[in-house]
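Below are some notes for a colleague who is opening this entry for the first time. Please read them with the structure in view.

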Amino acid sequence: MTKPIRILIVDDEKVIREGCARSLSDRDYEIHKEENGEKGISRLQEQRFDIVLLDLLMPGMDGFSVLKWIVAHQPEVLVIVITGFATVVKAVEAMKLGAFDFVGKPFTPDYIRLVVERAVEKRTLMNEASRLREEKNLDLETIVEEQSRLQTVFSCMEGAILVTNREGVVVLHNPAAIKLLEIQTDPVIGKPLADSIRDQNAIAMVKDVVGIGSAITKEFPPGSISRLYLRAHCAPVRTSTGKTLGSVTVFEDITTHKRIDEQKSEFVAMVAHELRAPLASIEQMFYAIALCDENDGDRRQHLQNRISVRIKDQLQLIENLLSLSRLESGAVVLTLETENGNTILADVIEAVRPRTENKDLKLQYQPAPQDWWAQVDHDQIRVVFTNIVDNAIKYSPAGGTVTVSVSVGSSLAKVAIADTGIGIEAENLPNIFEKFFRVKGKATRGITGSGLGLSLVKKILEAHKGYIDVSSQPNQGTTFTISLPLIPSGVA
Amino acid sequence: MSGKLVLVVDDDPDFVDAVQAVVEKGGYRVEVAYDGKEAMEKVAQAKPDCIILDVMMPVMNGIETAKALKADAATREIPIILLTAVAERVPSSKYSHRDVLETEAEDYIAKPVEPAVLLDRIKSWL
């Protein structure tokens with residue numbers, strides 16, 4: 001309350017106005033004066049006052065009319081009426097109408113000061129009370145807002161939250177709890193936890209936490225609480241004095257994490273097998289070579305060749321594994337440059353051609369009649385073409401033909417690698433791009449490889465915004481078609 | 001030359017070649033097969049005296065093959081030596097120790113197998 005108390009004196013007698021003002025002048029009040037009712041009201045309409053000293057008997061608009069106006073329009077203003085000595089009745093009437101106090105004329109300066117001081121005190125208290133009321137309302141608003149904010153957060157949380165009292169009765173939960181824990185009890189609140197969750201371990205967990213007063217983290221596999229794999233963190237709810245009031249449990253859906261974990265373990269196991277199994281064969285071949293004598297020259301030579309092939313396969317497997325892992329983790333940043341597709345293909349064909357020579361295979365290349373350009377990573381795209389052409393050679397029996405042809409469309413270049421090889425059974429086609437998938441049977445006997453080549457090809461092409469298709473007829477041949485986005489030739 | 005016939009079954013032709021070389025050095029005749037189904041056919045045709053059978057194979061694995069052979073009175077008496085990869089205990093390992101035992105195969109060895117050990121085992125069952 002730093003604002004000074006404002007007092008308005010309305011009296012038609014100048015002596016009274018001045019007298020009152022003088023009596024109050026040593027106080028810290030702000031005093032204004034008006035000489036009749038009309039002027040008083042218009043002053044009140046313009047400015048805020050705390051206290052009005054009002055003469056009841058005035059020409060024109062009298063004090064009662066002013067008082068009624070004040071009570072009706074500015075009820076917070078305290079009115080002290082000034083009356084003639086003989087007119088106590090009028091003063092009483094004014095009090096009934098809502099005046100705060102009255103002063104009889106004539107009055108001493110002390111008396112007027114006393115009455116005004118009482119009004120000031122009242123005014124101050126009223127102001128303070130209204131300030132406190134406002135503050136309290138503001139606090140309540142904050143609290144209500146805070147609560148609804150928490151409620152919103154609580155409702156939006158992905159994890160399930162379940163609060164129980166010491167007896168294990170549910171007192172609070174969020175919507176996610178119903179969903180994650182697959183609760184069918186309705187309502188959940190107010191009933192024992194055991195009504196909503198059937199799993200004995202979960203009930204025991206909550207009981208233990210309340211009992212021993214320390215937190216527990218536990219995993220619940222699918223089929224225990226719900227169909228999801230859940231991780232629960234259950235903690236005691238304590239008062240400031242350390243008394244345990246109940247428990248709060250947060251359940252988290254870790255189904256996906258678990259699945260990824262499993263896939264990782266499976267992948268590691270698969271890699272371990274793929275790394276180890278060929279080593280067993282290599283060692284077995286060394287044992288066999290050790291037993292060879294001078295009559296076993298051919299056998300020795302054959303085994304030595306095979307050992308060499310198998311070791312190269314293993315190196316390739318490790319190489320592919322690393323490339324794949326780098327591509328998948330995003331560690332490889334492709335160095336994209338605009339390259340002439342015809343040139344890259346011609347290079348790859350020439351690099352692979354020696355592999356056809358001891359196999360009586362024809363390797364044909366039909367380049368596109370016009371040059372075509374694509375944004376590619378030179379080394380990576382060579383891996384793609386080399387792998388596919390190499391596969392075509394590997395899976396084609398002697399006397400066959402491998403044909404690489406290119407058709408250039410408006411937005412895509414399609415490179416078709418067609419062989420006259422053993423083909424792929426329809427049932428195996430969907431799997432050939434999977435890691436370590438290899439078609440095994442009589443026809444593929446002796447054909448070795450990493451089982452990662454096609455996975456790698458697919459990954460690299462995806463990184464180039466391209467794709468690969470396959471069509472195959474068993475015993476007739478397979479065609480892989482690689483599609484790459486074209487760069488308009490003018491740009492190059 | 002005892003002239004006894006040993007059937008070597010594994011899906012890796014290099015492994016089969018290597019084992020064949022060892023077994024032939026031991027004085028046995030050798031027939032080969034590259035999966036369980038082929039092995040069943042070879043058993044019916046060639047009536048081997050002993051079978052060396054890999055566990056992990058496509059089409060028909062070694063466990064199924066051994067069980068089928070032991071379930072058939074005509075082939076029950078042929079001793080089977082199962083070949084298992086070393087430390088086949090990784091999480092995805094398809095076959096447990098128990099699977100191997102349940103086949104009623106006479107013996108099992110981890111591969112790769114030293115020639116002396118392999119020949120010794122074959123000899124013990126013939």
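1. Followed along its sequence, chain B shows the pattern β-α-β-α-β-α-β-α-β-α, which amounts to five helices and five strands; helices (H or I, at least four residues) and strands (E, at least two) are DSSP runs, numbered from the N terminus.

2. Please keep in mind that this is a predicted model, in which local features need pLDDT of at least 70 and side-chain atom pairs count only at pLDDT 80 or more, while totals for chains, interfaces and linings use all residues. Residues are numbered from 1 along each chain as its sequence is written, and chains are lettered from A and ligands numbered from 1 in the order in which they are written.

3. The five strands of chain B form an open sheet with parallel pairing, in the order β2-β1-β3-β4-β5, where two strands pair if DSSP finds at least two bridges between them. Because β2 (29–33) and β5 (107–111) of chain B are at the edges with a single partner strand each, one side of each has no neighbour in the sheet. On average, and with direction ignored, neighbouring strands of this sheet are turned by 20° against each other.

4. The parallel strands β1(B) and β2(B) are joined by five bridges, and V6(B) stands opposite V30(B) in β2(B). Across β1, β2 and β3 of chain B lies α2(B), which runs at about 170° to β1(B); axes are lines fitted to C-alpha atoms, for helices over the stretch in contact, and angles run from 0 to 180 degrees between N-to-C directions.

5. The largest nonpolar core has 39 residues, and A18(B), I52(B) and L53(B) have the most contacts inside it. Such a core is a set of buried Ala, Val, Leu, Ile, Met, Phe, Trp, Tyr and Cys residues joined through C-beta atoms within 7 Å, buried meaning that 20 or more other C-beta atoms, placed from the backbone, lie within 10 Å of a residue's own. Helix α1(B) gives the most to this core, with seven residues.

6. Contact between the chains takes 22 residues from chain B and 22 residues from chain A, two residues being in contact if their C-beta atoms, placed from the backbone, lie within 7 Å. On the chain B side, the largest share, nine residues, comes from helix α1 (residues 13–25).

Notes. A residue is buried if 20 or more other C-beta atoms lie within 10 Å of its own, exposed if 12 or fewer, and partly exposed in between; C-beta atoms are placed from the backbone.
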